[in-house]
Structure formats: structure tokens, C-alpha cells
Amino acid sequence: MTSDVPSSPTSGASGVHPDAAEAATDAADVGRSPQPAKPTRSLRPWVFGSFALSAVSAVLSVLALLFAAGVLAPLGDTTDLERQLRSYLLANPEVIVESVNSMDARQQAAEENELTAVLAQRHDEVFNDPNSPVGANPKGDAILVEFFDYNCPYCRSATPILDKLEQDDRGLRLVFKEYPILGPGSIFAARAALASQKQGKYLAFHKAMMTHEGRITETSSLEVASEIGLDVERLKKDMQDPAIDEAIKRNVALAQALRISGTPTFVAGKEILRGLADATAMKRLIASARGS
């Protein structure tokens, strides 16, 4: 079963359109900056309209069955049927709302079942990928995976919460999934972070990037790298390793399979928590991982 946290100005994910993830994949392929995602109009009115039409169709089907079974007397023509249907819906408008709500609940349940199946099928890719950096407790019994972007303000806000949880719970194993969907600076930073593993400084670089003030760019990434003692020229060379771009592509593909379109997103056990959450919610998520 999955658990979603609704996006909001205070406790939501960044709400990035999935096109941005596709652009990140393309950029990893050819080493160029992604094109910004095109703005899209809200689909809610169309979705509601579709549900309403489905509800009307359902009512028509029920009426047809009642007529066929002889429960309702046959009508003279379709005009009588339309008049009766219209009268019924006007007198009972809640039928459409109930139908829409029921259909929405069924759709949500189907999506949760689908995500649960994806998590089961790709369990090792999510939790045990040897190429994914880990936190300070690599042998922890409870695994918490974070999909993040260095330019995501909510990810930066989550960092001290995760640090405290990690300090208080030596059995907590953090797994970091670089998911650079907020522009070319994010992609460069993700590549630099993964390359820093070759100098044994991923965690130092990661935490310094998360506490950096201002926009993460190519320049700021290299400045942070120099500040924590990385050999910048070696880092640039290591960033050219095709395995780094492949790792980012795998993360993007995995996120898309899990319908992750914003950061931060956390995965533990059979649960997916989308958006920034407080320590209490994170502890519940970790507890569920231990119990799964």
C-alpha cells in the first residue's frame, strides 16, 4: 500500500511536471541542458466531466437493465426515457457525485495496488542498488530512500530532519537517489555528487550542497567541491564516466515507474511518502519499514 502526502505551500513536494524528468533523462544522454517543461492547463474540469458522463452512462445502463427485467414499465419512445432520466437526475443530483466519488476511490485503489506491485518487482533497484550512495549507517536494518534535487528547497528543509533521525536511530540506513529535475544546474550537481564517490567524499559534498545558500549551478557546485577538499580537476574528469549518466537515467526511470514527479519523495517498505514531512511522520514511515 502507498501513502501520499498532498502537496501544499508548507508541506508539499516541488510539484515538477513529469516532462522535466524526461528532459533530465535527455540531458544525461547527450550532456546538454534540459528544455523547460511546457506549462499545462489543469485537467480537473475535464476529469470531472468525464466522470460525470460515466455516471450518466451508468445510470442509463441500470435503467436499461430494469426495463429489460420488467421492473419498469416499457416507455413509448426514447423521449420518455430521456425525460425520466432528466427528472431523476434533477431530483437526485447526489447520484452523480456518489458515482464520481466511487469511481475515484476505485481508481485510487487500483493505482495503489499497481505501485505496490512495482515496488515488489523493483525492490532491489529501489533499496539495494550498490551504485546508490548511502548515509552514515550503511548496515542499518530500516531503509529509507530519498529522491531529491539539490535545487529543491523542500529537500534542503528535509536534510536536518534526516540528519537528526540518522543520529538518533543507528539502525536507519538512508539511500540517496539523485533525481535532478529542476534544471541544468541540478543535473551538473547530481553528476558531480556521484563522481565525488570516487574520492570518498559523497556525504560531505551532499551535506554541503544541501546547506548551500542560493541557486545550485555549475559554478557553485565546483565551489562547494573545492571547499570540502575535493580535487576539482579530478572531479571534472570523473564526471565524464558514462556510468554516472547511466545511474541518473536509472533513477529517473525508476521514479517514473513509481509515479514520482516531485521532490522530495521518500520510499520505505511498501510506503511512498510524497513531499516534505515532519519528524513524527518520518518516524512512522521508518517504523512501517521495519514492520513490513
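How many residues lie between strand 3 and strand 4 in their hairpin? Two residues sit there, and G269 in the turn has a positive phi of about 60°.

## Before we dig in

What you're looking at is a predicted model, where local features need pLDDT of at least 70, side-chain atom pairs count only at pLDDT 80 or more, and totals for chains, interfaces and linings use all residues. Residues are numbered from 1 along each chain as its sequence is written, and side-chain values use heavy atoms, with hydrogens and water left out.

Helices (H or I, at least four residues) and strands (E, at least two) are DSSP runs, numbered from the N terminus. Two strands count as a pair if DSSP finds at least two bridges between them.

Four strands make an open sheet in the order 2-1-3-4, and the pairing is mixed. Strand 2 (172-178) and strand 4 (271-274) are at the edges with a single partner strand each, so one side of each has no neighbour in the sheet. Ignoring direction, neighbouring strands are turned by 20° against each other on average. (Axes are lines fitted to C-alpha atoms, for helices over the stretch in contact, and angles run from 0 to 180 degrees between N-to-C directions.)

Now for who pairs with whom. Strand 1 (residues 142-148) runs parallel to strand 2, with seven bridges, but antiparallel to strand 3, with three bridges. F147 has K177 as its bridge partner in strand 2 and stands opposite T265 in strand 3. T265, in turn, has R274 as its bridge partner in strand 4. Strands 3 and 4 are antiparallel and share four bridges.

## What packs on the strands

Strand 3 is covered on both faces: T265 and V267 are buried on one side, F266 and A268 on the other. Here, buried means under 20% relative accessible area, exposed means over 50%, and partly exposed is in between (1.4 Å probe, protein chains only).

Helix 12 (residues 279-291) lies across strand 1, strand 2, strand 3 (265-268) and strand 4, at about 130° to strand 1.

## A look at helix 9

Helix 9 (residues 218-227) has buried residues too: S220, S221, L222, V224 and A225. Their cover includes helix 7 (184-196), helix 8 and helix 10 (232-238). After helix 9 comes G229, which has a positive phi near 95°.

Methods:
Contact = heavy atoms within 4.5 Å.
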